[in-house]
Amino acid sequence: MNDTVISVKDIQKTYGKQTVLDGLHFEVKRGSIFALLGENGAGKTTTVRILSTLIQADSGSATIAGYDTSREAESVKKMISLTGQYAAVDELLTGEENLMMMGRLNHLNRKAVKERTTELLEQFDLTNAAKKPAKTYSGGMRRRLDIAISLLASPEVIFLDEPTTGLDPRSRRNMWSLIERLSDNGVTIFLTTQYLEEADQLADQIAIIDDGKIVEEGTAEELKRIIGEEKLELTFNELDTYQKAQSLLKGQVNETDRVISVTAGSTENLRQILNTLHEHGIETESINFRKPTLDDVFMDITNRKRKELSANA
(Lines give C-alpha, C1' and ligand atoms only; values in the text may rest on other atoms or scores of the structure.)
Protein backbone atom coordinates (compact mmCIF):
# COMPACT_ATOMS: atom_id res chain seq x y z
CA MET A 1 0.00 0.00 0.00
CA ASN A 2 1.31 3.43 -0.99
CA ASP A 3 1.50 5.69 2.06
CA THR A 4 1.59 8.82 -0.12
CA VAL A 5 -1.90 10.27 -0.59
CA ILE A 6 -0.99 13.69 -2.06
CA SER A 7 1.80 14.08 -4.59
CA VAL A 8 2.78 17.44 -6.10
CA LYS A 9 5.47 17.61 -8.76
CA ASP A 10 6.84 20.81 -10.33
CA ILE A 11 3.56 22.76 -10.19
CA GLN A 12 3.68 26.12 -11.95
CA LYS A 13 0.96 28.79 -11.87
CA THR A 14 1.02 32.35 -13.16
CA TYR A 15 -1.54 35.12 -13.34
CA GLY A 16 -0.54 37.51 -16.09
CA LYS A 17 3.10 38.38 -15.46
CA GLN A 18 3.00 37.29 -11.80
CA THR A 19 4.35 33.85 -10.95
CA VAL A 20 2.32 32.54 -8.01
CA LEU A 21 3.69 28.98 -7.83
CA ASP A 22 7.17 28.27 -9.13
CA GLY A 23 8.04 24.56 -9.29
CA LEU A 24 6.17 23.35 -6.20
CA HIS A 25 7.15 19.83 -5.13
CA PHE A 26 6.10 17.86 -2.03
CA GLU A 27 4.29 14.73 -0.79
CA VAL A 28 1.79 14.12 2.02
CA LYS A 29 1.52 10.81 3.89
CA ARG A 30 -1.85 9.16 4.40
CA GLY A 31 -3.45 9.90 7.79
CA SER A 32 -0.98 12.68 8.63
CA ILE A 33 -1.37 16.39 9.32
CA PHE A 34 0.58 18.38 6.74
CA ALA A 35 1.01 22.14 7.24
CA LEU A 36 1.82 24.52 4.42
CA LEU A 37 3.23 27.54 6.19
CA GLY A 38 3.79 30.97 4.70
CA GLU A 39 2.98 34.66 4.73
CA ASN A 40 -0.02 36.16 2.95
CA GLY A 41 0.55 36.00 -0.82
CA ALA A 42 3.12 33.19 -0.60
CA GLY A 43 0.94 30.80 -2.66
CA LYS A 44 -0.85 28.73 0.01
CA THR A 45 -4.44 29.26 -1.15
CA THR A 46 -3.52 28.81 -4.82
CA THR A 47 -1.96 25.46 -3.94
CA VAL A 48 -5.14 24.37 -2.15
CA ARG A 49 -7.33 25.50 -5.05
CA ILE A 50 -5.29 23.40 -7.48
CA LEU A 51 -5.32 20.31 -5.25
CA SER A 52 -9.07 20.62 -4.67
CA THR A 53 -9.68 20.86 -8.48
CA LEU A 54 -11.05 24.44 -8.34
CA ILE A 55 -8.37 25.67 -10.75
CA GLN A 56 -5.74 24.01 -12.92
CA ALA A 57 -1.98 24.43 -12.80
CA ASP A 58 -0.20 25.75 -15.88
CA SER A 59 2.23 22.83 -15.77
CA GLY A 60 3.42 20.04 -13.51
CA SER A 61 1.21 17.39 -11.91
CA ALA A 62 -0.78 16.88 -8.71
CA THR A 63 -2.47 13.66 -7.62
CA ILE A 64 -4.77 12.64 -4.75
CA ALA A 65 -4.58 8.90 -3.99
CA GLY A 66 -3.26 8.38 -7.50
CA TYR A 67 -5.98 10.41 -9.25
CA ASP A 68 -4.81 13.37 -11.32
CA THR A 69 -6.46 16.59 -10.09
CA SER A 70 -6.75 17.87 -13.65
CA ARG A 71 -7.67 14.81 -15.74
CA GLU A 72 -9.59 12.88 -13.05
CA ALA A 73 -11.21 15.72 -11.13
CA GLU A 74 -14.50 13.88 -10.51
CA SER A 75 -12.68 10.99 -8.83
CA VAL A 76 -10.67 13.44 -6.72
CA LYS A 77 -13.81 15.31 -5.60
CA LYS A 78 -15.27 12.10 -4.19
CA MET A 79 -12.27 11.73 -1.87
CA ILE A 80 -11.79 15.26 -0.56
CA SER A 81 -13.47 18.17 1.17
CA LEU A 82 -12.44 21.80 1.38
CA THR A 83 -13.00 24.33 4.14
CA GLY A 84 -11.99 27.84 3.11
CA GLN A 85 -10.67 30.73 5.18
CA TYR A 86 -14.13 31.87 6.20
CA ALA A 87 -17.09 29.78 7.32
CA ALA A 88 -19.48 29.17 4.40
CA VAL A 89 -22.75 28.44 6.19
CA ASP A 90 -26.28 29.70 5.56
CA GLU A 91 -26.90 32.01 8.52
CA LEU A 92 -30.70 31.85 8.14
CA LEU A 93 -30.75 28.08 8.56
CA THR A 94 -30.15 26.20 11.79
CA GLY A 95 -27.02 24.12 12.25
CA GLU A 96 -29.05 20.96 11.64
CA GLU A 97 -30.69 22.42 8.52
CA ASN A 98 -27.31 23.43 7.10
CA LEU A 99 -26.08 19.85 7.38
CA MET A 100 -29.27 18.33 5.98
CA MET A 101 -29.34 20.76 3.05
CA MET A 102 -25.72 20.07 2.12
CA GLY A 103 -26.39 16.35 2.27
CA ARG A 104 -29.26 16.68 -0.19
CA LEU A 105 -27.19 18.91 -2.50
CA ASN A 106 -24.57 16.15 -2.56
CA HIS A 107 -27.26 13.56 -3.43
CA LEU A 108 -26.60 11.54 -0.30
CA ASN A 109 -29.15 9.06 1.01
CA ARG A 110 -31.74 10.92 3.14
CA LYS A 111 -31.65 8.42 6.01
CA ALA A 112 -27.86 8.31 5.97
CA VAL A 113 -27.69 12.12 5.99
CA LYS A 114 -30.00 12.31 9.01
CA GLU A 115 -27.91 9.80 10.93
CA ARG A 116 -24.67 11.48 9.89
CA THR A 117 -26.06 14.91 10.87
CA THR A 118 -26.87 13.70 14.38
CA GLU A 119 -23.43 12.12 14.64
CA LEU A 120 -21.57 15.24 13.48
CA LEU A 121 -23.56 17.64 15.66
CA GLU A 122 -22.58 15.53 18.65
CA GLN A 123 -18.98 15.11 17.54
CA PHE A 124 -18.55 18.87 17.06
CA ASP A 125 -20.34 19.79 20.30
CA LEU A 126 -23.21 21.50 18.46
CA THR A 127 -26.14 19.38 19.62
CA ASN A 128 -27.50 22.05 21.97
CA ALA A 129 -27.35 24.64 19.18
CA ALA A 130 -28.68 22.34 16.44
CA LYS A 131 -32.10 24.05 16.27
CA LYS A 132 -30.74 27.60 16.46
CA PRO A 133 -30.04 29.80 13.38
CA ALA A 134 -26.38 29.85 12.41
CA LYS A 135 -26.42 33.67 12.62
CA THR A 136 -26.60 33.28 16.41
CA TYR A 137 -23.43 31.14 16.50
CA SER A 138 -20.07 32.42 17.70
CA GLY A 139 -17.13 32.46 15.27
CA GLY A 140 -15.79 29.21 16.71
CA MET A 141 -19.19 27.51 16.43
CA ARG A 142 -19.59 28.57 12.79
CA ARG A 143 -16.12 27.22 12.04
CA ARG A 144 -17.00 23.89 13.66
CA LEU A 145 -20.25 23.72 11.70
CA ASP A 146 -18.37 24.52 8.50
CA ILE A 147 -15.95 21.65 9.06
CA ALA A 148 -18.82 19.33 10.09
CA ILE A 149 -20.53 20.07 6.77
CA SER A 150 -17.32 19.23 4.90
CA LEU A 151 -17.21 15.83 6.64
CA LEU A 152 -20.74 14.73 5.67
CA ALA A 153 -19.48 12.40 2.95
CA SER A 154 -16.62 11.02 5.12
CA PRO A 155 -13.75 12.28 2.93
CA GLU A 156 -10.30 10.71 3.04
CA VAL A 157 -8.57 14.08 2.69
CA ILE A 158 -9.72 17.41 4.10
CA PHE A 159 -8.19 20.73 3.09
CA LEU A 160 -8.33 23.38 5.81
CA ASP A 161 -7.31 26.77 4.40
CA GLU A 162 -6.34 28.90 7.42
CA PRO A 163 -9.11 27.36 9.57
CA THR A 164 -8.48 29.50 12.67
CA THR A 165 -8.42 32.91 10.96
CA GLY A 166 -10.37 35.39 13.08
CA LEU A 167 -10.85 33.06 16.05
CA ASP A 168 -10.04 34.04 19.62
CA PRO A 169 -7.27 32.08 21.43
CA ARG A 170 -9.70 29.71 23.20
CA SER A 171 -11.62 28.91 20.00
CA ARG A 172 -8.32 28.43 18.17
CA ARG A 173 -7.16 25.82 20.69
CA ASN A 174 -10.54 24.08 20.54
CA MET A 175 -10.13 23.91 16.77
CA TRP A 176 -6.67 22.39 17.21
CA SER A 177 -8.16 19.63 19.36
CA LEU A 178 -10.79 19.01 16.70
CA ILE A 179 -8.18 18.74 13.94
CA GLU A 180 -6.12 16.31 16.01
CA ARG A 181 -9.20 14.11 16.56
CA LEU A 182 -9.89 14.03 12.83
CA SER A 183 -6.33 12.88 12.19
CA ASP A 184 -6.58 10.24 14.93
CA ASN A 185 -9.61 8.88 13.05
CA GLY A 186 -7.51 8.39 9.91
CA VAL A 187 -8.39 11.54 7.95
CA THR A 188 -5.48 13.15 6.10
CA ILE A 189 -5.36 16.86 6.96
CA PHE A 190 -3.83 19.41 4.61
CA LEU A 191 -3.58 22.61 6.62
CA THR A 192 -2.51 26.05 5.47
CA THR A 193 -1.68 28.60 8.12
CA GLN A 194 0.33 31.70 8.88
CA TYR A 195 0.28 30.90 12.60
CA LEU A 196 3.61 29.28 13.38
CA GLU A 197 2.42 28.01 16.77
CA GLU A 198 -0.43 26.24 14.98
CA ALA A 199 1.91 24.35 12.67
CA ASP A 200 4.21 23.54 15.60
CA GLN A 201 1.33 22.18 17.65
CA LEU A 202 -0.42 20.12 14.96
CA ALA A 203 1.71 19.13 12.01
CA ASP A 204 3.53 15.86 11.43
CA GLN A 205 5.24 17.51 8.46
CA ILE A 206 5.71 21.21 7.64
CA ALA A 207 6.59 22.84 4.35
CA ILE A 208 7.48 26.54 4.32
CA ILE A 209 6.42 28.29 1.13
CA ASP A 210 7.87 31.63 0.16
CA ASP A 211 7.27 33.43 -3.13
CA GLY A 212 5.71 30.32 -4.68
CA LYS A 213 8.51 27.92 -3.74
CA ILE A 214 9.04 25.40 -0.96
CA VAL A 215 12.12 26.76 0.80
CA GLU A 216 12.30 24.30 3.72
CA GLU A 217 10.49 21.09 4.68
CA GLY A 218 10.56 18.71 7.63
CA THR A 219 9.12 18.06 11.07
CA ALA A 220 8.91 20.96 13.52
CA GLU A 221 11.99 19.68 15.36
CA GLU A 222 13.96 19.21 12.14
CA LEU A 223 13.20 22.78 11.10
CA LYS A 224 14.16 24.14 14.51
CA ARG A 225 17.54 22.46 14.18
CA ILE A 226 18.21 24.81 11.25
CA ILE A 227 18.64 27.52 13.89
CA GLY A 228 20.20 25.21 16.43
CA GLU A 229 21.26 27.69 19.06
CA GLU A 230 19.34 28.89 22.11
CA LYS A 231 17.90 32.38 22.16
CA LEU A 232 18.52 34.98 24.83
CA GLU A 233 15.41 37.10 25.47
CA LEU A 234 16.05 40.54 27.00
CA THR A 235 13.01 42.40 28.34
CA PHE A 236 13.10 46.14 29.11
CA ASN A 237 10.83 48.29 31.30
CA GLU A 238 11.30 51.68 29.69
CA LEU A 239 10.75 52.48 26.00
CA ASP A 240 13.86 54.65 25.69
CA THR A 241 16.02 51.94 27.29
CA TYR A 242 14.52 49.35 24.90
CA GLN A 243 15.18 51.58 21.88
CA LYS A 244 18.76 52.24 22.98
CA ALA A 245 19.39 48.50 23.40
CA GLN A 246 17.81 47.85 20.01
CA SER A 247 20.36 50.16 18.37
CA LEU A 248 23.20 48.17 19.97
CA LEU A 249 22.04 44.58 19.55
CA LYS A 250 21.18 42.61 16.42
CA GLY A 251 18.18 40.37 16.93
CA GLN A 252 14.43 39.86 16.62
CA VAL A 253 12.35 42.54 18.29
CA ASN A 254 8.93 42.55 19.90
CA GLU A 255 8.04 46.20 20.31
CA THR A 256 4.75 45.48 22.09
CA ASP A 257 6.45 43.62 24.95
CA ARG A 258 9.80 45.45 24.57
CA VAL A 259 11.70 42.22 24.08
CA ILE A 260 14.86 41.68 22.05
CA SER A 261 15.83 38.09 21.15
CA VAL A 262 19.45 37.40 20.25
CA THR A 263 21.40 34.22 19.63
CA ALA A 264 22.97 33.14 22.90
CA GLY A 265 25.89 31.39 21.23
CA SER A 266 29.01 30.78 23.31
CA THR A 267 29.68 31.93 26.86
CA GLU A 268 32.01 34.59 25.46
CA ASN A 269 29.25 35.87 23.14
CA LEU A 270 26.85 36.07 26.08
CA ARG A 271 29.42 37.98 28.13
CA GLN A 272 29.92 40.48 25.29
CA ILE A 273 26.18 41.13 25.01
CA LEU A 274 25.83 41.82 28.74
CA ASN A 275 29.02 43.92 28.83
CA THR A 276 27.73 46.05 25.94
CA LEU A 277 24.53 46.80 27.81
CA HIS A 278 26.44 47.51 31.05
CA GLU A 279 28.87 49.88 29.33
CA HIS A 280 25.94 51.96 28.05
CA GLY A 281 24.18 51.96 31.40
CA ILE A 282 21.30 49.79 30.18
CA GLU A 283 19.52 47.53 32.65
CA THR A 284 17.11 44.77 31.67
CA GLU A 285 13.92 43.88 33.49
CA SER A 286 14.54 40.16 32.87
CA ILE A 287 16.79 37.76 30.93
CA ASN A 288 15.51 34.37 29.75
CA PHE A 289 16.92 31.51 27.70
CA ARG A 290 14.65 29.58 25.34
CA LYS A 291 14.91 26.92 22.66
CA PRO A 292 14.46 27.89 18.98
CA THR A 293 10.86 28.13 17.74
CA LEU A 294 9.30 28.00 14.29
CA ASP A 295 9.11 31.80 14.49
CA ASP A 296 12.92 31.83 14.61
CA VAL A 297 13.09 29.44 11.64
CA PHE A 298 10.63 31.50 9.62
CA MET A 299 12.38 34.79 10.39
CA ASP A 300 15.78 33.27 9.57
CA ILE A 301 14.57 31.91 6.21
CA THR A 302 12.73 35.07 5.11
CA ASN A 303 15.55 37.37 6.27
CA ARG A 304 18.05 35.19 4.41
CA LYS A 305 15.97 35.51 1.23
CA ARG A 306 15.64 39.27 1.55
CA LYS A 307 19.41 39.56 1.89
CA GLU A 308 19.87 37.45 -1.25
CA LEU A 309 17.41 39.63 -3.17
CA SER A 310 19.17 42.78 -1.97
CA ALA A 311 22.55 41.37 -3.00
CA ASN A 312 21.26 40.53 -6.48
CA ALA A 313 19.47 43.85 -6.96
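## Strand 3 beside strand 8

L37 has T193 of strand 8 as its bridge partner. Strand 3 (residues 33–37) and strand 8 (residues 188–193) run parallel as a pair, joined over five bridges; pairing here asks for at least two DSSP bridges between two strands. Helices (H or I, at least four residues) and strands (E, at least two) are DSSP runs, numbered from the N terminus.

A word on the model: it is predicted, with local features needing pLDDT of at least 70 and side-chain atom pairs counting only at pLDDT 80 or more, while totals for chains, interfaces and linings use all residues. Residues are numbered from 1 along each chain as its sequence is written, and side-chain values use heavy atoms, leaving out hydrogens and water.

Let's step back: six strands make an open, mixed sheet in the order 6-7-8-3-9-10. Strand 6 (80–83) and strand 10 (213–218) are the edges; each has a single partner strand, so one side of each lacks a neighbour in the sheet.

Helix 1 (residues 44–51) packs on this sheet, touching strands 3, 6, 7, 8 and 9, where contact means heavy atoms within 4.5 Å. The direction of helix 1 makes about 150° with that of strand 8; axes are lines fitted to C-alpha atoms, for helices over the stretch in contact, and angles run from 0 to 180 degrees between N-to-C directions.

## Helix 3 meets helix 5

The axes of helix 3 (residues 95–105) and helix 5 (residues 139–150) come within 10 Å and cross at roughly 25°. The two helices are therefore roughly parallel, a label for angles under 35 degrees. G95, N98, L99 and M102 of helix 3 meet L145, A148 and I149 of helix 5.

Notes:
Parallel < 35°, antiparallel > 145°, perpendicular 65-115°, else oblique.
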